[in-house]
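I opened this entry to record what I looked up in one model, chain by chain and then at the chain contacts. The notes follow the order in which I checked things.

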Amino acid sequence: MDKGSISDFIRNLQKQYTVVAPVRRRDLILFDELGSSDTPTLEFANSKLPPKGFFFPRSETLFRFSAKSGKMELTPAQTKSKPAVLMGVRPCDARSLVLLDKVFMTEKYTDTPYSRKRANTTVVGMACTDPRTTCFCGSVGGDPFDASGIDLLMTDVGHGYFMEALTQKGEKLLPHAPKTRSPTREELQKQGWIKSKARAAVERELPVEQAETNLENIYEDDFWDRVAAKCLGCGVCTYLCPTCHCFDITDDILDSNGVRVRSWDSCVYPLFTLQASGHNPRKSGKERMRQRVMHKFNYTVKNNDAAFCVGCGRCVQDCPVNLDIREVIKAVASQRRAALQPKEAPT
Amino acid sequence: MIIQDKIREAVRSLLREKRVDLVIAHEMGTLPLRATPCFATEPGDAERIVWDPSCSVNLAAFLQNRKGKVGLVAKSCEARAALVMAAEHQFPRENLVILSAPCQGVVDVKKVQRRFGGREILAAKIEGDKIIFKGKDFQESLPLTQFLCDSCLECRHPNPVLNPSRDVLVEEGSPVAPTQADAAKIIELEKKTPDERWSYFVDQFKDCIGCNACREVCPICYCNECFADQTAPRWVGKSGDASDVLVFHLVRTLHMAGRCVDCGACSRACPMNIDVRMLTKKMEKDARELFAADPGMKEGEAEALATFSEKDPQEFIM
Amino acid sequence: MTGAADHTGEPVATAAWEPKIVAFLCNWCSYAGADLAGTSRIQYLPNIRVIRVPCSGRVDPLFIVKALQIGADGVLVAGCHPGDCHYISGNLLARRRFALLKRLLEYVGVEEGRVNFAWVSASEGGKFSDVVGEVVARVKALGPARRLIARTSKPEESS
């Protein structure tokens, strides 16, 4: 499809779907609902906030309650009935949705607000043709052209987009794309060349599996004091992370009305594990950092068969103290040698 | 370059003589123009220390809850923040050795991102008063001042004021005037109508995700229980209501009145590009205008909001 | 009672609308002054909701901002005259705090006149009544508070 047809594509989609796509606002790329005359920004590295917020919002009203004449009235939150198209999702972020599904839609438990939106949404991916140096999807089981979680994959080849339907949901969107045609041989070649260049560009050498194994052995090491030393516990990494999913549930009440709200929480906050007794099992930054790294790269592998990191690099870019998770992974992976060697003078 | 060597030498001596257990400084980071905190415990660690416009963290934040004798390689704003913390009894002053030198300012990476329209910078070298940027298919040399933080351009105290009997000043500075008018953006905003200002702040804070980065990077925000985290009563709700965002920011700013040194770390830390400084700098300016507040500049002087004068303005009181 | 709402659900003043003013009164002076107004049978407008504090210095800017958030159309903080504070200097420290708070709130666009400060002594029953009248008039002229108000917890209006 020619780039010029994007606007028409979106207008066509908007007849049946709510279209959510990246837009530029205040020098940020953010996912937002497109109005009837809006166009998305489809040339960007990645959005500031991951698309998880569409299914698992920053703050979500679960239900409203109201005390009326001695009785409590509960009103469940409205869910949008119009199906949605989430467009411009990078493969790392699309893969994060597949990972989040393992948390919010398990055999035993289905999170209603999340699953409803997931069922109602078609994910249109945008292949990564120009990964950043902070991208390392290749080290964590991802790829700039990965298909996981994507219903319709678009690839920018300069003058137009390749449109590949990967699922039935994706196929339903193709008729809305105006003036599509089969790609020419040159275009296919170009796509192949872009693909291999992008695949070569992402970091693939991070020793993530080694780190996962080592994490079993270094729980008590002083190593964690050094790793956590510069962490300020600000929470940016967890909020910008596509797979972080911890939340808090609180009631916001005014007079006799209120809402029960689910909102993002972060394991790096001291309050996260503070118990009513006043005891805090993770009372220092060291314990919280250790937990965070173990959760991301060890516990989730055990529980969900995958590290909960898609290599998007947002935490690397936005950590205020440049605490680089890639360095942490390397340090964890090389720590094994110290732990297994006989005790010597420190190097 | 030369100041950097002097700082490293001073840190080496400090650690060799065991005058401190630890020195907090910056070292090279993993991203262009972003240094990262380092914790030096051995004289050999001093090799890693850098002192240049990439040192954008306010290291005084690491003095929170810290025990033992510590050295802090500090720019003037970090030194002032540390002195405010000491004055507020966060640690004994004699446990802190400040190592400092005149500062030429710190790079605001957001200004870089804006200038290059999001194109990735692969490498950046600061050479004198220029930065040489290298991207995938471009290279540009631009003036350093174009990318310094607003707080640095407006800085009235680039030369640190230290205690010679405790601290180490590795180089004297000559007086240098700020290149940008004090609180320039705030003054511009003050000229607008209340309705325009309200729209501005609603728009700015619409994207606040409540991550608390602005609070955590601030050395002055060290309360073990922040009002925003209290649950009985719950002052700041979590429903995402726009008013809760503003309540948090307004009250945090007010709690910093007379204590904020305008280091700019809050604005640098915000992942959503909110210029938090539009509130904190306003507070700093007003505290200075009304009460001659200049936190961290005079050891032993009472903080502006911890004291009073008979002559304090009260024309606003009925 | 809250006023009516316009088509966007925002509060508007009707002829019958009465502003809600939260009044922080210091125990030793202004609260006693209010009490004196009562015992002297000096009328004052019923719009204020009094919160008694030991000293005007007890008032954290948080309280004032929060009052505006949860439904106050205006706020009054009244304390002892400078020099008369029961705790010597509580009101003098508060004076600095309030000056900065007022400036910051007006800077972000909260209308001037929503947040008010007064010195009222224990013997100034008349002044208390005058101050209340003045504050109510100021807030009435501004209409119901629309800025900084909490919306999410309110019941959803049927449109």
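I took axes as lines fitted to C-alpha atoms, for helices over the stretch in contact, with angles running from 0 to 180 degrees between N-to-C directions. Helices (H or I, at least four residues) and strands (E, at least two) are DSSP runs, numbered from the N terminus. The model is predicted, so I kept to its limits: local features need pLDDT of at least 70, side-chain atom pairs count only at pLDDT 80 or more, and totals for chains, interfaces and linings use all residues. Residues are numbered from 1 along each chain as its sequence is written, and chains are lettered from A and ligands numbered from 1 in the order in which they are written.

**Chain C, helix pair.** I looked at helix 1 (residues 30-39) and helix 4 (residues 125-142) of chain C, whose axes come within 7 Å and cross at roughly 95°. Angles under 35 degrees count as roughly parallel, over 145 as roughly antiparallel, 65 to 115 as roughly perpendicular and the rest as oblique. Helix 1 and helix 4 of chain C are therefore roughly perpendicular. I listed the residues that meet: C:Ser30, C:Gly33, C:Ala34, C:Leu36 and C:Ala37 from helix 1 of chain C, and C:Gly125, C:Lys127, C:Phe128 and C:Ser129 from helix 4 of chain C. For contact I used C-beta atoms, placed from the backbone, that lie within 7 Å. By class this contact has four nonpolar, four polar and one charged residues. Ala, Val, Leu, Ile, Met, Phe, Trp, Tyr, Cys and Pro count as nonpolar, Asp, Glu, Lys and Arg as charged, and the others, Gly among them, as polar.

**Chain C, whole.** I found four helices and six strands in chain C, in the order β-β-β-α-β-α-β-α-β-α from the N terminus. The radius of gyration of chain C is 16 Å, close to the 15 Å of the globule rule for 159 residues, so chain C is as compact as a globular protein of that length. The radius is taken over C-alpha atoms, and the rule is 2.2 Å times the number of residues to the power 0.38. Of the 159 residues, 53% count as buried, meaning that 20 or more other C-beta atoms lie within 10 Å of the residue's own. Among contacts between residues at least 6 apart in sequence, 80% join residues at least 24 apart.

**Chain B.** I found ten helices and nine strands in chain B, and 48% of its 318 residues count as buried. I then checked an open antiparallel sheet of three strands, in the order 6-7-8. Its edge strands are strand 6 (123-127) and strand 8 (139-143) of chain B. Two strands pair if DSSP finds at least two bridges between them; strand 7 (residues 130-134) and strand 8 of chain B have five. B:Lys134 has B:Gln139 in strand 8 as its bridge partner.

**Interfaces of chain B.** I noted 34 residues of chain B in contact with 35 residues of chain C. Helix 8 of chain B gives the largest share of that side of chain B, seven residues. That side of chain B has 22 nonpolar, five polar and seven charged residues. Towards chain A, 30 residues of chain B are in contact with 33 residues of chain A. Strand 2 of chain B gives the most to this side of chain B, with four residues.

Definitions and conventions
A residue is buried if 20 or more other C-beta atoms lie within 10 Å of its own, exposed if 12 or fewer, and partly exposed in between; C-beta atoms are placed from the backbone. Two residues are in contact if their C-beta atoms, placed from the backbone, lie within 7 Å.
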